[in-house]
Amino acid sequence: MTQPSPQEIAEATDLRQQLRHHDYRYYVLDDPEIPDAAYDRLFQRLQQLEQRYPQLITPDSPTQRVGGEPLAAFRTIEHRLPMLSLGNLFSHEELIEFDQRCRRGLGLSQDDSEIRYCAEPKLDGLAISLLYLGGELVQGATRGDGKSGEDVTHNVRTISAVPLRLRGKRLPRRLEVRGEIFIDRTGFKQLNHQRQEQGEKLFANPRNAAAGSLRQLDPAITATRPLRFYGYAVGEVSDDHPLPPSQLEMLRQLQQWGVPISPEITQVAGAEGCHNAFLHLQQQRQQLRYEIDGVVYKVDNLDQQRSLGFVSRAPRWAIAHKFPAQEEMTRVIAIDIQVGRTGTLTPVARLEAVAVGGVIVTNATLHNQDELSRKDIRVGDMVIVRRAGDVIPEVVAMIPEMRPAESTPFLLPQHCPVCGSAAVRSEDKAAVRCSGGLYCPAQRKEQLKHFASRRALDIEGMGDKLLEQLTSKELVRTPADLFTLNRDQLLTLERMGEKSVTNLLAALERCRHTTLPRFIYALGIREVGEATALALANHFGDLDLLMAASAETLAEVEDVGPVVAASLSTFFRQPHNREVIAALTDPLRGGVVWPTIAPQRDLQPAAALSPFRGKKVVLTGTLSRLSRSEAKERLQAAGAKVTSAVSAKTDLLIAGEEAGSKLEKAVALGVEVIDEERLFKLLEEIG
């Protein structure tokens, strides 16, 4: 066997120390010093040395986190100190009773100072015991029944957040760290996304995913799962290293040794301090990177913990304050279809009323047909319903054993239940949408809001509250009806006096004169933004030609792919939409007109040779002669693609007064920059 040189031995030792340091910065302090790519280079170099010289491999090397051979079964490990469970409380009154019991147990009178508690988030994962001998991880065991658990050492070693060797020189000979294995929200989403792509069953929640991942007989599978670890207690510890006097200081000591702990842990005083910590974490619950289901209160002073002792299977000095249940079981009474503001058909389960997360839930979303089919939810099923914070309740899963024999699968309708238009699904989309567009009452308010918006017809004074009144009183059903409104109708509305009505009627008269790109954009056709509307107007030059074009012809237009072409074709085929467009352009009704546009193929050479054609342009700063939107329209008419962010793909930056970070970035990237004066000269040259 080839022997490594002294320099290579020293390099391997140094690499191991560097990698442990960076693991500590990443997993414990959540403050990495180097990018992932730099870490990967260090790791790969250590791998190269260990592959060349296997004698350099140590059990605690960062490269040894890969799983070994699959196990036939887990062996049982006896806990030398039992891993006890916690009692639960669910109300403020019960919290006060807990505090009073602790005070009585410690012989404290009402005049004595308040007990200090350590308030810790109750992680929703799997309890684990990690045994370190001389600072090296030698054993990992699940909680099991509290007296004995399963030996998952090989699996635990694959978890990057679990230190294989503790930091520091003065370490206990024997130290048992207790904590929680969990999967954070981001990791859970990524894991289920991967499983969905591979056609595998999705995990119901992060806790089940973490438990299933840790208890794999093949450690190589565990190594692929995004498991995390936080320590929250010390079990057995040798007497050569006395622990700090408080729970919080003990956790900070663990952190110094390289054990990650929750950043949300706080020290509080008395029942009121505990209650405030509970309210704070409950409010922040959905913003945390991991899921929690309550708060654990522990008497902070370790001597006081020992004095209070234990009762049955739980400590007297600690208790879990649970959040209201986020999952409950109930029955599906019916499945209805809701049509959203963008025309999306969403299946909604009507449920037998059940309290979930402190709220009575009678409806829950089923998302779309793919989710409905995957979960196989049917009318009459008993289901698990989840509600997280202010998130709309959802049906998580059905209970197969309780399904009625006569149940049948549910399929979304082929026509919109509101307006009867065809319900269409794009090949690469999960959502099914109503194609009624301008006609569908369910989409009416949002369609009108879009039609009147500044970048569409720009109807000044047509705000949300006014549109709400117009639609609720049935004065306006389609955009064409806006132009038939009269003074008497408008005066009956709230906050619409003589001056407001006069201004609105004048605004409606002004916006009758628009441009073809604005009109196309104002129609609110799905997938058609301003740039696409401009490309369509330039290509066809005429609305009738655009409406008559086939999907194949539409797909030939710049910026129009198959999905957009299909959306356009479907929209213009609907009789309802054609009726609304005809009313808008009818001189006796809507009277909307625009200047003639020469089709792209008929452009004069000067326009075709515009210096802006095909360029990606960004506007920044304040322009003195034009508004930002007017400048954008002029540039788009000259063939530019106007974007909002500067990148390496940007061709030109137009900088007005007080240009800021975009200008700095453009200069750094070497993007061409011109001022407002130069912009106008170029626009004048192309006419």
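**Salt bridges, burial and a sheet**

Student: What does Arg165 count as, at 29% relative accessibility?
Tutor: This is a predicted model, in which local features need pLDDT of at least 70, side-chain atom pairs count only at pLDDT 80 or more, and totals for chains, interfaces and linings use all residues. Residues are numbered from 1 along each chain as its sequence is written, and side-chain values use heavy atoms, leaving out hydrogens and water. Buried means under 20% relative accessible area, exposed over 50%, and partly exposed in between (1.4 Å probe, protein chains only). At 29%, Arg165 therefore counts as partly exposed.

Student: Which residue forms a salt bridge with Arg165?
Tutor: A salt bridge needs a side-chain nitrogen of Lys or Arg within 4 Å of a carboxyl oxygen of Asp or Glu. Here the closest N and O atoms are 2.3 Å apart. The partner of Arg165 is Asp60.

Student: How many residues apart in sequence are the parts that Asp60 and Arg165 tie together?
Tutor: Helices (H or I, at least four residues) and strands (E, at least two) are DSSP runs, numbered from the N terminus. Asp60 lies in the loop between helix H2 and strand S1, and Arg165 in the loop between helix H4 and strand S7. The pair therefore ties together parts that are separated in sequence by 105 residues.

Student: Is Asp60 buried or exposed?
Tutor: Asp60 has 6% relative accessibility. The cut-off for buried is under 20%. So Asp60 counts as buried.

Student: Where does Glu291 lie, the salt-bridge partner of Arg185?
Tutor: The closest N and O atoms of Arg185 and Glu291 are 3.8 Å apart. Their link joins distant parts of the chain, 106 residues apart. Arg185 sits in helix H5. Glu291 lies in the loop between H9 and S10.

Student: Which helix holds Lys445, the residue that meets Glu468 in a salt bridge?
Tutor: The N to O distance of this pair is 2.6 Å. Glu468 is in helix H13, 23 residues from its partner. Lys445 is in helix H12.

Student: How many salt bridges are there by this rule?
Tutor: Some form a network, linking Glu371, Arg374, Lys375, Arg386 and Glu394. By this rule the count comes to 38.

Student: What span does helix H9 reach from its first C-alpha to its last?
Tutor: H9 has 15 residues, 270-284. The expected span is 1.5 Å times one less than the number of residues. The expected value is 21 Å, and the helix comes close to it, reaching 21 Å.

Student: What covers the buried residues of H9?
Tutor: Those buried residues include His275, Phe278 and Leu281. Contact means heavy atoms within 4.5 Å. The cover includes helix H3 and strands S3, S9, S10 and S13.
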